[in-house]
Amino acid sequence: MPENILHIDSSILGAQSVSRKLSREIVDKLLVRHPSAHVVYRDLDAQPLAHLTSAQIHAFQTGSPHGDADIQADLSLGAADLEAFLAADTVVIGVGFYNLGVASHLKAWIDRISVPGKTFRYSDSGPVGLVNGKRIILAIARGGRYEAGTPAAALEHAETHLRSGFALMGVTEVQAIAADGVALGPDARLASIAAAEERIAELT
C-alpha cells in the first residue's frame, strides 16, 4: 500500500522560511524512498484554523452550530484536518519558533487533532493514546540557540510542546531536525541549515 504523507507548514515567513525549506526537503527525501507515496499538503499560514471558542466547543459537542455558517465551515475544516492526520503514515511539520513556542495557528491545528475518543481517551490511570504506528518528523527553525546543552535550552517550548502533545495521542516515533541560530547572522544561518540538511540526508 502506498505511503500516506501529511506535509504541514506553519511559518509566517514565506519564501524566507527555513522551516519551510527543511520540511520540503524532508518530504522530497521520503519520496525518493516511497515514490508512489500520496502527499497531502497543508499550509496553516495561508489557511489558518480559527482558535477554539466556547461557541465552537458547544457546536462540536452538541452537533448544533446554531445556524452559524462560519462555525459550521470551521468545524468542517477541523474535521478534515483530523481525518488527514489519522490517515497519514508519516506527518512532516515545518515548525517556526516564535516567542519561545509554536505559531498560534499550529497550536490551533494541534487543538483540532487532540480529540477525546479520536486520538486519545481518558482512563482512571490517566490519558491513553489511540494513535499507533505513526511517524512524526519536525523541521524546526529557531532564531537563537536553544538546543540541549545551551543556556537557553529550558526556554524551548516548541519541540517540547509538540512531543508532549503527540505523546498524549500515543505517537512514540517523533524525530526533530532543527536549525538553530538562523537569526545570528548569514554565516550562522548557512551553517545551521547545512547541519540540518546533513541530518535530512541520513533519514531512513
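Start at Thr-53. Its backbone nitrogen lies 2.6 Å from a polar atom of the Gln-56 side chain. Keep in mind that this is a predicted model.

Now stay with Gln-56. This residue is found in helix α2, residues 54-62. Is Gln-56 buried or exposed? Its relative accessibility is 5%, so Gln-56 counts as buried. The Gln-56 side chain also makes a polar contact with the side chain of Asp-74, at 2.7 Å. Leave aside residues up to four places away in sequence, and Gln-56 touches Ala-50, His-51, Ile-71, Asp-74, Leu-75 and Arg-112.

Next, the partner. Asp-74 is found in helix α3. At 10% relative accessibility, Asp-74 counts as buried, because the cut-off for buried is under 20%. Along the chain, Asp-74 and Gln-56 are 18 residues apart. Their C-alpha atoms are separated by 8.3 Å. What else does Asp-74 touch? Again without residues up to four places away in sequence, the answer is Leu-49, Ala-50, Gln-56 and Arg-112. Arg-112 is therefore on the contact list of Asp-74 and also on that of Gln-56, with contact meaning heavy atoms within 4.5 Å.

Helices α3 and α4, the latter residues 104-113, pack at an angle of about 75 degrees. Their axes are 9 Å apart. That angle makes α3 roughly perpendicular to α4, because 65 to 115 degrees counts as such. Who makes the contact? From α3 come Asp-74, Gly-78, Asp-81, Leu-82 and Phe-85. From α4 come Trp-109, Arg-112 and Ile-113. By class, that is four nonpolar residues, one polar and three charged.

On to the sheet. Five strands form an open sheet, and the pairing is parallel. The order is β2-β1-β3-β6-β7. At the edges sit β2, residues 38-43, and β7, residues 173-180; each pairs on one side only. Neighbouring strands are turned against each other by 15 degrees on average, direction ignored.

Strand β6, residues 135-142, pairs with β7 over eight bridges, in the parallel sense. Arg-135 stands opposite Glu-173 in β7.

Last, the helices on the sheet. Our α3, residues 69-87, lies across β1, β2, β3 and β6. Against β1, helix α3 runs at about 130 degrees. Helix α1, residues 18-33, lies across β1, β2, β3, β6 and β7. Against β6, helix α1 runs at about 150 degrees.

To recap, Gln-56 of α2 makes a side-chain polar contact with Asp-74, and Asp-74 belongs to the α3 side of the contact with α4.

Notes: Residues numbered from 1 in each chain as written. Predicted model: local features only at pLDDT ≥ 70, side-chain atom pairs only at ≥ 80, totals over all residues. Heavy atoms only, no water. Pairing = 2+ DSSP bridges. Helix = DSSP H or I, 4+ residues; strand = E, 2+ residues; numbered from the N terminus. Axes fitted to C-alpha atoms, helices over the stretch in contact; angles between N-to-C directions. Parallel < 35°, antiparallel > 145°, perpendicular 65-115°, else oblique. Nonpolar A, V, L, I, M, F, W, Y, C, P; charged D, E, K, R; others polar. Buried < 20%, exposed > 50% of the residue type's maximum accessible area, 1.4 Å probe, protein only. Polar contact = N/O pair within 3.5 Å; in protein donor to acceptor, adjacent residues only side chain to side chain.
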